[in-house]
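Morning, everyone. Please look at the structure on the screen while I talk.

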Amino acid sequence: MGSQKPRILPWLVSQLDEGQLEGVAWLDQSRRRFRIPWKHGLRQDAQQEDFGIFQAWAEASGAYTPGRDRPDLPTWKRNFRSALNRKEVLRLAEDRSKDPHDPHKIYEFVNSAVGDFPEPETSPDTDGRFNTSDTQEDILEELLNDMALGSVPDEGASSLAVAPEYPPQLLLSPNLDIPAPYPNSAPPENPLKQLLMPQDDWEFEVTAFYRGRQVFQQTVFCPRGLRLVGSEGGDRTLPGQPITLPDPGAFLADRAAKDYVSRVLSGLGGGLALWRDGQRLCAQRLGPCHTYWAVGEELLPDSGRGPDGEVPKEAEGSVFNLGPFVADLIAFINGSGRSPRYTFWFCMGESWPQHQPWTKKLVMVKVVPTCLRALLEMARVGGASSLENTVDLHISNSQPLSLTSEQYKAYLQDLVEDMDL
């Protein structure tokens, strides 16, 4: 029988008292406030000592055995943070993790001094997954902190660990097999950031339905966004690539239905515009035709509830945020959330098909960002909560990426840490 895992707080107090880990120290004589180094894994000045507390707890809790297990800084860091967050006697007093010179966090005991900690065993899972007792707020606390789309001056974009088994100043390269020199050579760029962040590289699959019948499907790259326009083509002087919906005469036999669809298409005017603004997707109607939207499943819209909103005419409206999607994808991979949605449905010229068949609506248009579909498909390979295989990621017209499941999760976590809500 293996030895029992230590409780996090008594173990942490002993580390603070010993003072052997770099940067881990009490801040007052009452032993109430203390500091923990919190440096990003690929900062140019990153040293193994900066992550000693995370590795030490991983070893003490049985989550990591040097020489046997692969170093996994993102999991060590996440488990340590999650374990502290579950302690009611402890709170995060100050978050200075973005300090360029001395990134750290300050915690304090809510009692006047350190006690005996009569708490149940709540150590994090040792298999690298989130414990079911973690709240969503705990999981996302750091993932959604200070997110920024631009590059960080002194941090890389991948969250790969400094590996103590390898010679000093070595990091694992993106395939996690070949050590790459560091910091003499630049850290590897996060491939997900390269694929998701550029403004002009998103690809959209557009599908149109008239009275439930598919009449159009096209996949397009839209550097300045797209505009869904009527059969007359719309005003081509407006920004965004026009996507012309077809004349209903070639698809509908019912004369009344054809006339009504034609009126809807004519009412689009300048079109229904959809474009990227940073990590958001925005929509605006440029004509008199009212349009309702919702994010749903790719196969069919969710007609059992109301729409997420109406596309505004006088101002842009946000319909999607990449940050929460990636955070939800991480939760989905770790088995603590549902599959995130990424398909946009637009109902044009009529109210949303709530509690009625969507196939009765005159014009429904589905828009799928292909990169988001690819991210979710990759997460589903082998089961979202137990990925074990090396999978290939294909996004838009990019070269395929071969990533292990752990690399993929690490890249996702690093991506969401580098965004800014």
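Helix 7 gives the largest share of the lining of the second largest pocket, 4 residues. A pocket here is an open set of points on a 1 Å grid over the protein atoms alone, where a 1.4 Å probe fits, with protein on both sides within 12 Å along at least five of seven lines; lining residues have an atom within 4 Å of a point. Helices are DSSP runs of H or I, at least four residues, strands are runs of E, at least two, and both are numbered from the N terminus.

This is a predicted model: local features need pLDDT of at least 70, side-chain atom pairs count only at pLDDT 80 or more, and totals for chains, interfaces and linings use all residues. Residues are numbered from 1 along each chain as its sequence is written, and side-chain values use heavy atoms, without hydrogens or water.

How much space lies in that pocket? About 230 Å³. It has 13 lining residues, and the closest to its centre are Val295, Phe325, Asp328, Pro340 and Arg341. Two elements give two or more residues to the lining: strand 15 (317-321) and helix 7 (322-333).

Now helix 3, residues 73-85. Of its 13 residues, 13 are buried, meaning under 20% relative accessible area with a 1.4 Å probe, protein chains only.

Last, the cysteines. The whole structure has 0 disulfides, a disulfide being two cysteine sulfur atoms within 2.5 Å. Cys347 is buried, at 0% relative accessible area. Cys282 is buried too, with 0% relative accessibility.

Terms used
Buried means under 20% relative accessible area, exposed over 50%, partly exposed in between (1.4 Å probe, protein chains only). Grid points are joined across faces, edges and corners, and a volume is the space filled by probe spheres set on the points. The expected span of a helix is 1.5 Å times one less than its number of residues.
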